[in-house]
Number of protein chains: 4
Amino acid sequence: MNSFGRLFRVTLAGESHGPDIAVVVDGCPAGLPLAAEDFAADLARRRSARPGAGTTPRVESDRPQIVSGVYNGRTTGSPLLLLFANQDVASDAYKEMKTTPRPGQADFTARVKFGGFNDHRGGGHFSGRVTVGLVAAGVIAKKLLAPMAIAARILEIGGAADYEALLAEAVAAGDSLGGVVECVAGGLPVGLGEPFFDSVESLIAHVALAIPAVKAIEFGDGFAGARLRGSAFNDAILDRAGRTATNHAGGVNGGITNGNDLVFRVAVRPPASIAQPLQTVDLETGEPRELRIVGRHDACIALRFPVILEAACAVVLADLMLLEGRIPRIWN
Amino acid sequence: MNSFGRLFRVTLAGESHGPDIAVVVDGCPAGLPLAAEDFAADLARRRSARPGAGTTPRVESDRPQIVSGVYNGRTTGSPLLLLFANQDVASDAYKEMKTTPRPGQADFTARVKFGGFNDHRGGGHFSGRVTVGLVAAGVIAKKLLAPMAIAARILEIGGAADYEALLAEAVAAGDSLGGVVECVAGGLPVGLGEPFFDSVESLIAHVALAIPAVKAIEFGDGFAGARLRGSAFNDAILDRAGRTATNHAGGVNGGITNGNDLVFRVAVRPPASIAQPLQTVDLETGEPRELRIVGRHDACIALRFPVILEAACAVVLADLMLLEGRIPRIWN
Amino acid sequence: MNSFGRLFRVTLAGESHGPDIAVVVDGCPAGLPLAAEDFAADLARRRSARPGAGTTPRVESDRPQIVSGVYNGRTTGSPLLLLFANQDVASDAYKEMKTTPRPGQADFTARVKFGGFNDHRGGGHFSGRVTVGLVAAGVIAKKLLAPMAIAARILEIGGAADYEALLAEAVAAGDSLGGVVECVAGGLPVGLGEPFFDSVESLIAHVALAIPAVKAIEFGDGFAGARLRGSAFNDAILDRAGRTATNHAGGVNGGITNGNDLVFRVAVRPPASIAQPLQTVDLETGEPRELRIVGRHDACIALRFPVILEAACAVVLADLMLLEGRIPRIWN
Amino acid sequence: MNSFGRLFRVTLAGESHGPDIAVVVDGCPAGLPLAAEDFAADLARRRSARPGAGTTPRVESDRPQIVSGVYNGRTTGSPLLLLFANQDVASDAYKEMKTTPRPGQADFTARVKFGGFNDHRGGGHFSGRVTVGLVAAGVIAKKLLAPMAIAARILEIGGAADYEALLAEAVAAGDSLGGVVECVAGGLPVGLGEPFFDSVESLIAHVALAIPAVKAIEFGDGFAGARLRGSAFNDAILDRAGRTATNHAGGVNGGITNGNDLVFRVAVRPPASIAQPLQTVDLETGEPRELRIVGRHDACIALRFPVILEAACAVVLADLMLLEGRIPRIWN
């Protein structure tokens, strides 16, 4: 379903071309100062930074309407509901896609799953636009986690760390690029994460892989670590606080944070919607079709992912910190 | 917590050196034929296949005691409880580790999280031994999913597809190796997976990353796909059933199965317990310590992972198939 | 938390004097025709029918804004978000109550629980106004359950079946009355309800007792049945469909519906806010205070409960019918 | 499903005539002293106290086998699994009931729900025997809640407070009696319970109505309160701690504990299995049948309910106290 979290619970709703994207945050402690302005910085990071160079020209103000859960500038302890208006909507481009699904998108799967009743415009509820709600929840989570530092950055785009030329070239060619984004959380206590199913890795992977376009996640050395010997992979323990000489494990042992930096990376696939013709099928006739996408799309969605990944990390950590009693139920 | 699943719900309990490992499966349809013998094949695959060449000499019969949920050879619709006796237990080796935590294990994190009250013998509840319960749940799930084909295999050990020599060498050197294991599920319907948080990738990643030693997961092309252009990554749709010419997406679009093979891989870290001396700290004195592990351990736990990964996949798919009404509540 | 349901999941948000009351319904099948008009009848039943005779003069139009989950007049399969504007708000009356809690209300408990940060105006999130969201969810559930018949009615007000005079007298005296409301659901299949914790009685009681002012619930003969002998209480089974000669059990055996009418009653306490002076304490000084309530209140909230109780019943039954696969995931 | 609780999570498994009844308690803090002896007193209270006078002659030792979660006499923080052997089993008496369902039992509903695959012997998973697991979870919860006082008592049997003669008469007549049991919890903090769906009344009602034979629950004045006027029902607040002059509300306002005694009562129906002939139907032929029950049964199950009700109350309060951070995650 569209909810996640045990104590800090995030619910997302809304479709790309509907009136609003919505997020409900239940379980946030009462008394946390919160205003619409608090969301501006992270939502600006999520928005299209460079319309000519890889990100969609769709522009939204993303200033939330706080419907509930805040009174006199502080959270009330009741569920927070935030709305983000979808203002810059151009739905005409999507008419064709109802019966000729775009390869690599949810058009086909959503149509089958929901019997064709899904709102297909702009990807509907499957649009990356829905992540505005996750980023907003992340803003609240980060406030609860301060001064813990959660910071994500782009490691590579199209396989390269220096990717500006690649990006320009891909945009010019009507193509798209994927990327790898890394998130590091520092200042964590030892002991976050629950045995087996609710390991910190499981929970973060759950949220991170829910983000449209994320196809992989690795913690610490990840796949490279699978090629190391144990003698190289093991992180020697240096002191009673658990500080280690290296951090191949990415800050997690046995699914539980060990006090070192929590480190993970995700793979973001190249956007499926490109200007080049796409091979698909007409679902009504069964005939092959060549589809030309004319909507507004990101040539590289990964560019916008650092703040989304930080949010995925923050909502999980806020939940685990509440579980450990390390965030008070009443904020002072 | 130690439970996962919405309709097909798996709960794990037990510690490595306690009397039994236990699994509760709630939500299994009534009427499914089930006997202790059904678990033999998969549990044999999970056990130490080659004591001299990479897997632990600990040997357990792993024949389950079916405590509840089966009557006259068929499931009753009530929760199934299976017990697996821990018979070949050697706890003496673990005395030292209570205060000198093994690097790369849960010794330190579990001690802090549980105030030293955790059962540290053999890793306690953090032991890979607990996966016997997951494999058992997977056996039940596979029966519900038949004739769907779920098959995992080792792709590489120590970075190589041909790894026999590497393995022998590592064992001789008192070292350990990681590996990469791939799982493919074929015969899936279109439409498994829920919007956003319960994408099929999120759910499988959640369970897979709960398995001790798994540090990464990728679907379809995964990290390699992040280096492709959209024109190369997109899977052209061939027909109204959604069959695609390629499968870079690993059988999932928008978090929902598209009817092609579901493909994912996990990275398994090299076991932390090796014969070479390990650098750690005495938690009572704070002094550095060189630890020599004398317990019985796997030199390469990844060798035993295919069946565990299949189980992780099967329990998620059984849950999603029940959600879609594609597995009947009463089995005939 | 503010969510309930496993497959048909209802989340409530909003405060009495905030901009809107909100309800999210996740898990509703796609394809169900749904429009703002569908909610009118039930929400009118919930509203103040008789301003002079027992119900509050506060008037709201209660026409929902459908923010998400509906496209072209049918549900999309994505979460539904409905907003109900709070228009007729008079907050001045509540200033005093921040520090002098009204007896019998959540003023004191909410203040302590949330450290005084709760929105106390009109009871905030503890207001009966929040039930507008539950009634709306009930409207959707009833559409899914049709032609199942769910009907509630007032059994007694102030202890009497003929209560008009009592009501007028209580209003005149500045006092309030409680009541007993009965709900009957007919046309249910045998088999709804899960073993032990998710018995149909448990689930309905859970939701019913969440409704502000409900203090008791009984199924079938309830408390009176505890005074019968088994020979009188037992419902003789008449045929293979499970039809019984009597219905002392209220349509439930072993927590599972038996195909006869599901029957339950709730006790609704008399509203705490009355025109007569109330004894309380000034939380800042600790001094006793006599409080005079000047807001607009119901003299008998039970009058508005039949439709709320139907909603509580309907959301539970929709969830259980989905669990049994008796409501299709795609509506036709 | 067979699980309940958010942080202190109880899962029940087992059938009346299977080898064991099992309970898993997940989320119990580490370090709590726990031994098999701790369960003796409460389980003795649950057992048949008076074989000749209203309770079944079936006798079980009810000494638990602690399979997991305890090491060196203290909880480990991992899930607790306790087994209670079913030793005194007489299944022959149940052969007939497979096709001629006992009125008032789950025989018919379970058969339909599970397609006849349910273990019908002794009621299977629907037996009151399963409450041994709930009582055991309650023992653990009570230890966490100490010195909070949770005490239940019988208010009436067969409608009378002085019921010894009634009971003897009913046993002699081959009949059965119901009863009313009251539970009071004292020493609670203000603030337990969550807004709306997880009100303390909702949670307790959920668990209480899961107990076989419970048909009603009321808090405070309950149904009698619905007949009072607000001026009589309101509990005047006496001091800043929230102490009230009366306790009509049963210690709960707005779903949240107010610091006064939490008071609730349940109605327990008279056992359906009586020595008098019962009217039912042969499910195979459809012919009416007169059934004579020859198994061992309670003439008044309510006699055994005080400790079961305490357990229902305790597991909910333990969960809520953990949620509020009022029970430490590590016990000292």
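Q: How are copies superposed here?
A: Copies are superposed by least squares on the C-alpha atoms of residues with pLDDT of at least 70 in both. This is a predicted model.

Q: OK, then what rotation superposes chain C on chain B?
A: A rotation of 180 degrees does that, with 0.0 Å of shift along its axis and an RMSD of 0.0 Å.

Q: And which residue of chain C comes closest to that rotation axis?
A: C:Gly325, whose C-alpha is 2.9 Å from the axis.

Q: How much of the contact surface of chain C recurs in chain B?
A: 100% of the contact residues of chain C recur in chain B, so the same surface serves both copies.

Q: How many residues of chain C are in contact with chain B?
A: Six residues of chain C are in contact with six residues of chain B. On the chain C side, one of the residues is nonpolar, two are polar and three are charged.

Q: What about chain A, how can it be laid on chain B?
A: By a turn of 180 degrees and a shift of 0.0 Å along the axis, again with an RMSD of 0.0 Å. The two copies are therefore related as by a two-fold rotation axis. Of the contact residues of chain A, 100% recur in chain B.

Q: Changing topic. Where do H5 of chain C and H5 of chain D sit relative to each other?
A: Each of these helices covers residues 200-208 of its chain, and their axes come within 8 Å and cross at roughly 170 degrees.

Q: Roughly parallel or roughly antiparallel, then?
A: H5(C) and H5(D) are roughly antiparallel to each other, because an angle over 145 degrees counts that way.

Q: Which residues meet there?
A: C:Ser202, C:Ala205 and C:His206 meet D:Ser202, D:Ala205 and D:His206. The residues of this contact of H5(C) with H5(D) divide into two nonpolar, four polar and no charged.

Q: How many residues of H5(C) are buried?
A: Nine of its nine residues are buried, and H5(C) is mostly covered. Among them are C:Val200, C:Glu201 and C:His206.

Q: Where is C:Phe196?
A: C:Phe196 is in the loop between strand E9 (179-186) and H5 of chain C.

Q: Is that one buried or exposed?
A: C:Phe196 counts as buried because it has 29 C-beta neighbours inside 10 Å, and the cut-off for buried is 20 or more.

Q: What does C:Phe196 touch?
A: Its contacts include D:Asn2, D:Leu12, D:Val130 and D:Ala210, leaving out residues up to four places away in sequence. Within chain C, the C-alpha atoms of C:Phe196 and C:Gly255 are separated by 7.1 Å, although the two residues are 59 residues apart along the chain.

Q: And B:Glu37, buried or exposed?
A: B:Glu37 counts as exposed, because it has 9 C-beta neighbours inside 10 Å. B:Glu37 lies in the loop between strand E3 (20-26) and helix H1 (40-46) of chain B.

Q: Last topic. Which residues have the most contacts inside the largest nonpolar core?
A: A:Ala312, B:Ala312, C:Ala312 and D:Ala312, in a core of 419 residues.

Q: What does C:Ala312 touch?
A: Not counting residues up to four places away in sequence, C:Ala312 touches C:Leu134, C:Ile204, C:Val207, C:Ala208 and C:Ile211. C:Ile204, C:Val207 and C:Ala208 are among the buried residues of H5(C).

Technical notes:
Residues are numbered from 1 along each chain as its sequence is written. Chains are lettered from A and ligands numbered from 1 in the order in which they are written. This is a predicted model: local features need pLDDT of at least 70, side-chain atom pairs count only at pLDDT 80 or more; totals for chains, interfaces and linings use all residues. A nonpolar core is a set of buried Ala, Val, Leu, Ile, Met, Phe, Trp, Tyr and Cys residues joined through C-beta atoms within 7 Å. A residue is buried if 20 or more other C-beta atoms lie within 10 Å of its own, exposed if 12 or fewer, and partly exposed in between; C-beta atoms are placed from the backbone. Two residues are in contact if their C-beta atoms, placed from the backbone, lie within 7 Å. Axes are lines fitted to C-alpha atoms, for helices over the stretch in contact, and angles run from 0 to 180 degrees between N-to-C directions. Helices (H or I, at least four residues) and strands (E, at least two) are DSSP runs, numbered from the N terminus. Angles under 35 degrees count as roughly parallel, over 145 as roughly antiparallel, 65 to 115 as roughly perpendicular and the rest as oblique. Ala, Val, Leu, Ile, Met, Phe, Trp, Tyr, Cys and Pro count as nonpolar, Asp, Glu, Lys and Arg as charged, and the others, Gly among them, as polar.
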